[in-house]
Amino acid sequence: MSVVAETDPFLLAASGKPAAHTPVWFMRQAGRSLPEYRAIRGSGSILEAIKNPRLAADITIQPVTRYGVDAAVLYSDIVVPAHAIDFGIDVAPGTGPVAERPLRSRGDVVRLRPYEPDLDAPYVGETVDILRRELDVPILAFAGAPFTVGSYLIEGRPSRTHEITRSLMTQETSVWHDVMERLAGHAVASIASQIDHGASAFQVFDSWAGSLSLEEYRSFVLPHTKRVFGELHDRYPHVAGIHFGVGCDHLLEAIAESGCGVVGLDWRSSISDARKRIGDDLVVQGNMDPAAVLGDIDTAIAAADAVLDDNAGHPGHIFNLGHGVQPDANPDALAAVVKHVHAVTKREAS
């Protein structure tokens, strides 16, 4: 079994310590932007592909091989736990998570039974087992935060406004907190199982938290996010945890209170400003505009340099996009960014 060294750049940067170079990985680095992914993926729901450990492992490995990134993010999906307990949710191509019977009342809450990863979704652990044997870079576990997963279950499909979710949150508060408690338990169980199988760090995706006001976030979401990071930190005190959301600049101080060790920034937030607001020792992940890798290499390199300039040589920086890799991204531009960031930050360190 491959063991990740303590001098690994990703693990050092996640702890705010100097590394040989700034580590790089990309959210959604495995997937539709790669022709080799399209060659082996097959048809059907992503949830079916995830159930094939060898296929899921191969897809996870593809961007590590092509780009030389410093971490491998597990090829999976945030709705795997809800799907595995038979809540009734799938990922529709071109749409996203869709639930035929959305969660709309207390009577629906019973459908969110506890998630037991090794019984309900053993294929996830099996995929991590394969990766741990075959990779020498850290494997990133991940799960959806309670709010974001809950929004899919409640809305029944992706939403721009989250009106039904916010209505339940404010009008049926006891139901809301019961749902969040159950989904927090799912996130903890999911990530803990991935770590037990060999993952070295984890990320919690609260993709849609930015749709909330600061007051809503603090009252209805933050306590449950704190629980996720708190329980995982208690069980795995040396495993780095990352929080990522989109459009969350107004929530940064509250997110930093969640107990995450690393704050993921989208492309609209400034790294230097985040440290001014939260503290000079803040470890950040991000935050290059995903649109910058849709075209030519020169544009991508210029955007990467802007992010590095904003970070100003701080050791607590994991380079990433400020959102996931888009399907039309240029693989050559992504590869060039990795090579450039490694080279430039290595020279700066020396």
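**A buried arginine and some ring pairs**

Guide: Arg275 counts as buried, because its relative accessibility is 6% and the cut-off for buried is under 20%. Please keep in mind that this is a predicted model.

Visitor: In which helix is Arg275 found?
Guide: Arg275 belongs to helix 14, which covers residues 271-278.

Visitor: And which residues does Arg275 touch, leaving out those up to four places away in sequence?
Guide: Its contacts are Asp280, Leu282, Val284, Asn311, His314, Gly316 and His317.

Visitor: What separates the C-alpha atoms of Arg275 and His243?
Guide: The two C-alpha atoms are 16 Å apart, and the residues are 32 places from each other along the chain.

Visitor: Let us turn to the rings. How many aromatic pairs are there?
Guide: The count is 6 aromatic pairs. In one of them, the ring centres of Phe205 and Phe244 lie 6.3 Å apart with the planes at 75°, so this pair is edge-to-face.

Visitor: Which strands hold Phe205 and Phe244?
Guide: Phe205 is in strand 5 (residues 201-205) and Phe244 is in strand 6 (residues 240-244). The pair links distant parts of the chain, 39 residues apart.

Visitor: Are Phe205 and Phe244 buried or exposed?
Guide: Both Phe205 and Phe244 are buried.

Visitor: What sits over the ring of Phe87?
Guide: The charged end of Arg111 does, at 4.0 Å from the ring centre. Likewise, Arg268 lies over the face of Trp267, 4.2 Å from the centre of that ring.

How values were computed:
Residues are numbered from 1 along each chain as its sequence is written. This is a predicted model: local features need pLDDT of at least 70, side-chain atom pairs count only at pLDDT 80 or more; totals for chains, interfaces and linings use all residues. Side-chain values use heavy atoms; hydrogens and water are left out. Rings of Phe, Tyr and Trp (its six-membered ring) pair if their centres lie within 6.5 Å; planes under 30 degrees apart count as stacked, over 60 as edge-to-face and the rest as tilted. Helices (H or I, at least four residues) and strands (E, at least two) are DSSP runs, numbered from the N terminus. Buried means under 20% relative accessible area, exposed over 50%, partly exposed in between (1.4 Å probe, protein chains only). A charge sits over a ring if NZ of Lys or CZ of Arg is within 6 Å of the ring centre and within 35 degrees of the ring normal. Contact means heavy atoms within 4.5 Å.
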